[in-house]
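Subject: Structure handover

Hello,

Here is the structure I said I would pass on. My notes on it follow below.

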Amino acid sequence: MSPPTRIGLAGLAVMGQNLALNIAEKGFPISVYNRTTSKVDETVERAKQEGNLPLYGFHDPESFVNSIQKPRVIIMLVKAGAPVDDTIKTLSVYMEKGDCIIDGGNEWYENTERREKAMAEKGLLYLGMGVSGGEEGARNGPSLMPGGSFDAYKNIEDILLKVAAQVPDSGPCVTYIGKGGSGNFVKMVHNGIEYGDMQLIAEAYDVLKSVGKLSNEELKEVFAEWNRGELLSFLIEITADIFGIKDDKDEGYLVDKVLDKTGMKGTGKWTVQQAADLSVAAPTIAASLDSRFLSGLKDERVEASKVFNAVGVEDIFVDPQVDKKKLIDDVRQALYASKICSYAQGMNLIRAKSVEKGWDLKLGELARIWKGGCIIRAIFLDRIKKAYDRNPNLANLLIDPEFSKEMIERQSAWRRVVCLAINSGISTPGMSSSLAYFDSYRRERLPANLVQAQRDYFGAHTYERVDMSGSFHTEWFKLAKQSKM
């Protein structure tokens, strides 16, 4: 019989196993449980093999809960939705007042708020904790975004500070995010930014390959080189790796054999829906979601390409004689400028939700905990943190003095890349919508005056004027009719 352990973890798919082993490796004895008991035995075996780690397996929920020291802390890593409610039901029967449950899955934030209330009625504490970094991050140090009961956070803070990714100069990649479902919400937007990042990288690849005619070897070198500069990040690093992998089942490179059809779990869609609900423009993230939808229409696209090629759609496309070195540099700058727009949109969405819910989220602190462990970790997050440290009320990342200077320096290259892609028939929805976002945001006057006039014409929605205060309505139809007489 093991002594009481410090913490428990239920749900032993790969993420759960890896997080449990990480916790045990940091010196915290841990109890583990899974409905399918073979996973328990597998995890116990891994703990033995990976250094006789203090991990103890249990096949039934009662002995699992009873093995943990009081006040008990249990992390769940199960599929979002009903499985979370089922797991809570199974475990809470054996839990006591003051014990704490932490959901580490990608859960919809309102579900977390509902569960926190229901748990409070039973005297239990509850946290919804975003976990980013994939399997490798869970094992060696993820970025953690806990939100909900502050008391629950204090119960587990010592563990989280050691288990999270450690970044020199800025510390462990974890902080108490805020009340309610704020941890889940922040993780959701993190994933939305991740969608945008991945789409922008795919567009950079498309332009370099389709217009610049770069080989996979050249692409590998380009991305590896970019990863030594301002674009240094996890996603750029793995992209370079992907271009170097040869196919183990056939000739050539594996990336060329992967079907061009992107899957998704839903967090990107939630991000775009929330942006719409809060009237926050997030066109880069929305474009990445639309691109995934279009990628799913593979069979239709195959047929469409036959239809349009038969009528010579490509006859008007230019086949420019590009200077490869210049193109590579232009694409690097376009990618960087577009990424700033994507992060600006994500941060604005988080701020809008924070204001709506009274969460008082610290945007600079979020940038700090994303610097390590998570999928969107990147060197320029340090500069995003500094921008919000300089001005916590910064209306938009684009107008931070440093970032605005960088946008201006890169805009020529950015416009060249988007124009080149358009004239070559290559879609760059992420880069194009980022550029449109930048151009809309930096202009004092937009053609919205015409749209509002149209609304007043057909729906009497009224309008404001630039030269006097108040609301106005004009009988446009009557005036137009008179002028035609």
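In these notes Ala, Val, Leu, Ile, Met, Phe, Trp, Tyr, Cys and Pro count as nonpolar, Asp, Glu, Lys and Arg as charged, and the others, Gly among them, as polar. By that scheme, the lining of the largest pocket has 24 nonpolar, 12 polar and 12 charged residues.

Some background first. This is a predicted model, in which local features need pLDDT of at least 70 and side-chain atom pairs count only at pLDDT 80 or more, while totals for chains, interfaces and linings use all residues. Residues are numbered from 1 along each chain as its sequence is written, and side-chain values use heavy atoms, with hydrogens and water left out.

Pockets

A pocket is an open set of points on a 1 Å grid over the protein atoms alone, where a 1.4 Å probe fits, with protein on both sides within 12 Å along at least five of seven lines; lining residues have an atom within 4 Å of a point. Points are joined across faces, edges and corners, and a volume is the space filled by probe spheres set on them. Helices (H or I, at least four residues) and strands (E, at least two) are DSSP runs, numbered from the N terminus.

The largest pocket has a volume of about 2000 Å³. Its lining has 48 residues, and Ala202, Tyr205, Asp206, Asp260 and Arg301 lie nearest its centre. Helix α8 (182-211) is one of the elements that supply at least two lining residues, and α8 gives the most, with 11 residues.

The second largest pocket has a volume of about 1100 Å³. It is lined by 31 residues, with Met15, Asn106, Lys187, Asn191 and Lys265 nearest its centre. By class, 13 are nonpolar, 11 polar and seven charged. Here too α8 provides the largest share, five residues.

Cores

A nonpolar core is a set of buried Ala, Val, Leu, Ile, Met, Phe, Trp, Tyr and Cys residues joined through side-chain atoms within 4.5 Å. Buried means under 20% relative accessible area, exposed over 50%, and partly exposed in between (1.4 Å probe, protein chains only).

The largest nonpolar core has 80 residues, and Trp226, Trp370 and Ile384 have the most contacts inside it. Helix α14 (324-357) is among the elements that supply at least two residues of this core, and α14 gives the most, with 13 residues. Leaving aside neighbours within four places in sequence, Ile384 is in contact (heavy atoms within 4.5 Å) with Tyr343, Met347, Ala367, Leu397 and Phe403. A second, separate core has 33 residues, including Val32, Leu53, Leu55 and Val73.

Two loop residues

Thr428 lies in the loop between α17 and α18. It is buried, with a relative accessible area of 4%. Not counting residues up to four places away in sequence, Thr428 touches Glu203, Val207 and Ala421.

Gly470 lies in the loop between α19 (448-459) and α20 (476-484). Gly470 is partly exposed, with a relative accessible area of 41%. With the sequence neighbours up to four places away not counted, Gly470 touches Tyr463 and Glu464.

Strand β1

Strand β1 (residues 7-10) is covered on both faces: Ile7 and Leu9 on one side, and Gly8 and Ala10 on the other, are all buried. β1 pairs with strand β2 (residues 30-33) in the parallel sense over four bridges; two strands pair if DSSP finds at least two bridges between them. Ala10 stands opposite Tyr33 in β2.

Regards
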